[in-house]
Each structure stands twice: as structure tokens, then as C-alpha cells.
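Welcome! Please take a moment to look over the two chains before you try the exercises.

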Amino acid sequence: MRIVASDSVAETPPLLAPDSDATASDVETCYRDNHDLIVFIVGRKFKVPQAEVENLVQEVFLAYVANAGRVSNVRPWLVAVACNAARTYWRNHERSSALPHHDEVHAPHSGDLADLYLRNLTIRQMLGQLGDRQRMLLHLHYYEGLTAREIAERLRTTHRYVEKLLHGSVTTARRIYFDLSRPARL
Amino acid sequence: MNRHPDAPAFPVDDSELAGLVDLDDALRIEELDATARLAALLAGDRELTPESITADEAFHSAGAVRVLRAEAARARERVPERALVLTDAAIAIVEALRQYPPALTAMLRASAWRGRADALRYLGRYPEALSALDEAEGALELVRARGFEEALITFVRATVLWKMGRLDEAMRLAQSATNTFRDYGDEDRVVKARILEGAILFDRGEYRDARGVYASILPAVQRMDDIGLSGTVMNDIGACEQELGEHDAAARHFARALELFDAATMSIEATRTRWNLARLMLARGQSEDAVQLLHRVAQEFEASASRSDAALVLLDIAEILVDQSRHAESTLIAQSLVERFTSAGMLPSAVTALRYLHESMLARTATTATIGHVREFLASLTEDPHRNFVGLAS
């Protein structure tokens with residue numbers, strides 16, 4: 001018979017962090033010491049598009065803050081997080097499919113072909129200005145017809161969270177669409 | 001100035017850095033406040049429920065979620081019900097958080113669900129634990145820097161599957177966790193994942209390989225300066241050697257484990273090692289010494305309210321006595337077990353199993369197989385408390 005080793009040695013996060021002064025300098029030191037390396041990994045090694053590099057780098061350091069006190073070997077940890085984040089970015093990017101023409105979207109204009117073309121062009125432009133996540137959510141909800149609960153099941157999260165994201169995505173999409181649709185000032 | 005071609009496109013942005021430092025500072029302050037409030041709550045007379053925690057708005061912060069998680073991790077082995085309350089409160093709080101970066105909130109949500117899974121694991125509610133881990137993974141869906149938290153979830157999932165006896169799946173996940181922790185340069189967690197691999201190998205009956213795993217991590221364990229962990233690994237090596245029939249080596253490792261557990265004041269673990277030693281004595285033909293030590297072990301388990309372990313130890317004693325045809329003594333032990341289990345309000349099926357044993361002993365029909373059957377049933381109740389007892393076919 002054994003003592004159940006893994007039961008008694010599971011992870012115990014620290015209750016109290018080191019004093020705030022020391023921690024602040026830890027975060028700052030970590031950031032300054034490793035920022036360039038992480039940017040290099042994400043942007044050069046993994047060739048993440050420029051527009052996304054800083055977002056990913058910030059997420060890496062946010063993960064460090066979230067795990068403060070649990071990281072025993074900072075640089076390898078950050079490198080591993082960065083590599084994983086970049087790979088996840090590419091997996092998500094490959095998965096997001098181009099959205100179809102929303103020719104059933106009702107426009108404030110007549111139904112002739114020119115208007116339809118313009119409307120679809122505007123929609124495509126609008127969708128191009130959305131983030132990957134927003135496009136995915138709108139696609140699942142409006143094109144595949146999934147409810148928030150069904151989306152939540154697919155994404156394995158809560159339906160309340162999906163509802164919040166959808167609301168934000170629709171609000172943003174609507175704003176962009178009408179901004180693009182507004183006649184240019186002469 | 002000419003720019004080096006490898007220079008990053010984005011230099012350090014002081015405003016972004018200041019944001020991170022401010023966030024970190026805020027989390028620390030929240031943790032300090034939540035720690036004090038939680039200590040007062042735990043010391044108070046009120047029943048601890050998720051609502052009693054979430055009713056206090058001062059807990060509605062990311063720092064408080066971390067404090068609740070940390071306290072749950074500390075409580076899960078000894079008081080898993082409390083750990084469940086704390087993690088349920090953490091989950092409720094995290095759902096309402098709005099003022100933090102979404103990625104941070106998502107990571108906290110995943111951590112809270114993982115904590116719930118851990119508490120459920122200690123309560124033996126394994127299917128619910130797996131569902132909680134699914135929630136944890138789902139929470140990370142939109143976080144790209146999620147590899148570390150994913151590995152932590154994988155490790156807990158491996159542990160749950162191991163407890164459920166799904167050993168092949170557990171091993172695959174344990175090895176995945178080991179490799180990931182190694183990628184992250186996290187030697188401590190590599191050790192813990194390897195310990196799990198060793199435990200799975202042991203339960204597969206692959207004792208030589210299990211010993212190899214434990215022996216391979218000893219240097220790292222000793223570097224960690226955790227005497228309790230060292231004691232655990234020593235004990236596990238001894239258990240492997242015991243199964244391999246290498247009794248002298250097993251005795252040395254058990255003795256060393258006892259020294260370390262005593263130094264770490266890990267009394268329950270020391271008692272379990274004494275249990276191993278008693279079985280070793282029996283294997284060496286020292287049955288009287290074994291019985292004497294087993295009585296001590298049973299008393300120590302009783303004193304620490306580990307009644308089910310105490311019962312299993314008494315069954316070991318009964319088995320030795322039956323083997324030696326000491327029926328009167330073994331019958332007394334069986335009677336004592338029925339009385340203890342009944343008065344302690346233990347599961348009716350467990351009481352049924354012990355009554356069956358007692359009646360078998362009274363009828364002088366009990367054998368070591370009978371005792372083994374009852375022992376196996378009692379041990380199985382941890383995973384499946386609704387199981388019904390069925391006696392051996394006569």
C-alpha cells in the first residue's frame with residue numbers, strides 16, 4: 001500500500017504575495033527583461049501579424065501577473081507561454097472561416113442589385129474591421145443559427161458570458177456598419 | 001539611428017507596463033483585504049456557505065478569488081467540504097467581475113472551476129470533478145496565453161482519472177502534464193506529475209517501472225527541500241520494493257519515510273507508513289509484531305477520525321487471525337467493527353458488509369477470501385458510495 005502521493009502534493013497557491021513593493025518591481029523587472037524576447041518570439045519566430053503582436057505580448061505578461069508567485073523559472077515560463085499563445089493564435093486563425101454574403105440583411109435602401117452589392121460590400125468591410133472572436137460569434141449566431149446556450153456548449157463556457165460577448169459584438173458591428181454607410185461629407 | 005533587423009517592432013511601452021504594475025498592485029491589496037476577511041469568517045460561528053462569502057461585497061474582487069482558491073487548496077485534503085464551499089464562492093464572484101482585463105477574468109474563472117474539480121475529487125465525486133474541469137477548459141477558450149493553466153487542468157484531470165481507475169487515460173494525461181511543466185521550466189510541478197505517473201504505474205502492477213520513476217525524481221525532490229514530499233517518495237519506493245519482494249530495501253525506505261514524516265509532523269502519513277511496515281513484517285513471517293503494530297495503527301486512525309482506514313486495518317488484523325485459526329479473536333474484531341460502524345452512522349451498505357463478515361465468523365465459515373471480499377467492498381465505497389454489498393457465493 002502506498003501513501004497517495006499526488007493527493008498530498010498538489011498545488012497550493014500562495015495566500016499572501018510578497019510585499020507590494022517587491023512584487024511591483026518583479027512585474028516591472030520581468031517585463032523589461034523579457035519584453036523584447038517575447039516580441040521576437042511572437043512576431044519573428046511565429047510570424048504573428050504586426051497588428052496582433054502587441055496584444056499577444058500583453059496577454060503573455062497578463063498571464064504572468066495572473067500567476068504571480070507560482071512561476072519558479074520566469075524566462076522559460078514566459079517563453080513557453082508566448083509560444084503557446086502564438087500557436088493558439090494560428091489555430092484560431094486557421095479555424096475562422098470567411099463569412100458568407102449576408103444578402104438577407106435588410107438595408108435601409110431599395111432592393112435593387114446595386115444597393116445589394118453596396119450593402120454586401122459594406123458588410124464585408126464591417127466584418128473585416130471586427131476581431132476574429134467577434135466574427136466567429138456573429139457567424140455562429142446569425143449564420144449557423146445557434147443560440148447563446150448552444151454556442152456556450154460548443155465553446156464550453158457559460159451562456160451568460162456568450163450573451164455578453166454577442167451583445168458587444170453586435171453593438172460594435174452595428175456602429176461600424178452605420179459609420180461606413182454614412183455619406184461622406186463634401 | 002539604424003535599426004537592427006532583429007530589433008522588435010514594438011519597444012517597451014511604459015504605459016502598458018504601468019498598467020500591468022498597477023493591476024498587480026491592485027491584486028495584492030485585494031488579496032490582503034480578502035485574507036483578513038476570510039480569516040474572520042473562518043474563525044466565526046456562522047456556517048460557512050458560498051452565500052456567506054459572496055454576501056460581503058469586499059470579496060467581489062480578483063484578489064479575493066485568488067485568496068479563496070488558495071484557502072481551498074489548503075483545505076481540500078482535510079476538509080474537502082470546506083474547499084467546495086470556497087471554490088463555489090470563487091466561481092460566483094468571478095462571474096460578476098467586470099473591471100478586469102477579460103483574459104485575467106477568464107484565467108481566474110478557469111482556476112476557480114479547477115479548484116472545484118479538486119475539491120470534488122477529494123470528496124470522491126469524480127464525474128462531477130470531470131465536468132468542472134470541462135468548465136475550466138471552456139473558460140480558457142478565448143485566452144491565447146492559456147498553456148500553463150491548461151497544463152494545470154490536465155494534471156488534475158489525470159489525477160481524477162487515476163482515482164477512477166482509468167489508468168491508461170490517466171497516464172497519457174500525466175505524461176502530457178509532465179512534458180508541459182518541463183517546457184515551462186517548472187521543476188516542482190514536473191516532480192508532482194512524475195509522482196502521479198509513478199502512482200499509476202504502481203496501480204497497474206508495474207512496480208519496477210514505478211520504482212524507477214520515484215528514484216529518478218529523488219534528486220529533484222531533495223533540491224525542493226520539502227521533507228514531507230521526500231517522505232512520501234521514500235514511502236512509495238518502499239511500497240514498490242515490498243511488492244517486488246525486496247523486503248530489506250523496503251524496510252530501509254519505510255524507516256527513512258517515518259523519520260521524514262515525523263520531522264514534518266505529518267502524522268497521518270506516518271501512520272500509513274507504519275501500516276506498510278506492519279504488512280512488511282507479516283510478509284517476513286513476523287505476524288505477532290505485525291498484529292501489535294496494526295493495533296497501534298488502527299488506534300492512530302481512530303484518533304484522527306479516519307474511521308474507514310481504521311476499519312481496513314482491523315480487517316487486516318482479522319485476516320491474520322483467521323489465517324491462524326484464532327476464530328474467537330477474529331470474531332470479536334468483526335463484532336467491534338459492526339458496533340463502531342453502526343454507531344458512527346456509516347453507510348448502511350458498509351454495515352451490511354461487516355455484519356456479513358461477523359456472521360461468517362460466528363459460523364466459522366469466514367476465510368481470508370471472505371475478508372478480502374469485504375475489504376475490497378469497503379475500499380470501493382470511496383469511489384461508489386451507492387454500491388450494494390453482495391456476499392460471496394457459497
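Two exercises with worked solutions follow.

This is a predicted model, in which local features need pLDDT of at least 70, side-chain atom pairs count only at pLDDT 80 or more, and totals for chains, interfaces and linings use all residues. Residues are numbered from 1 along each chain as its sequence is written, chains are lettered from A and ligands numbered from 1 in the order in which they are written, and side-chain values use heavy atoms, with hydrogens and water left out.

**Exercise 1.** Describe the build of chain A.

Step 1: Look for helices and strands (DSSP runs: H or I of at least four residues, E of at least two). Chain A has 8 helices and 0 strands.

Step 2: Check burial (under 20% relative accessible area, 1.4 Å probe, protein chains only). Of the 186 residues in chain A, 45% are buried.

**Exercise 2.** Work out how chain B meets chain A.

Step 1: Start with contacts (heavy atoms within 4.5 Å). Here 82 residues of chain B touch 69 residues of chain A.

Step 2: Turn to buried area, the accessible area (1.4 Å probe) that two parts lose on being put together, summed over both. The two chains bury about 6800 Å² between them, with 59% of it on carbon and sulfur atoms.

Step 3: Search for salt bridges (a side-chain nitrogen of Lys or Arg within 4 Å of a carboxyl oxygen of Asp or Glu). The rule finds 5 across this interface. One joins B:Arg144 to A:Glu52, whose closest N and O atoms are 3.1 Å apart.

Notes
Buried < 20%, exposed > 50% of the residue type's maximum accessible area, 1.4 Å probe, protein only.
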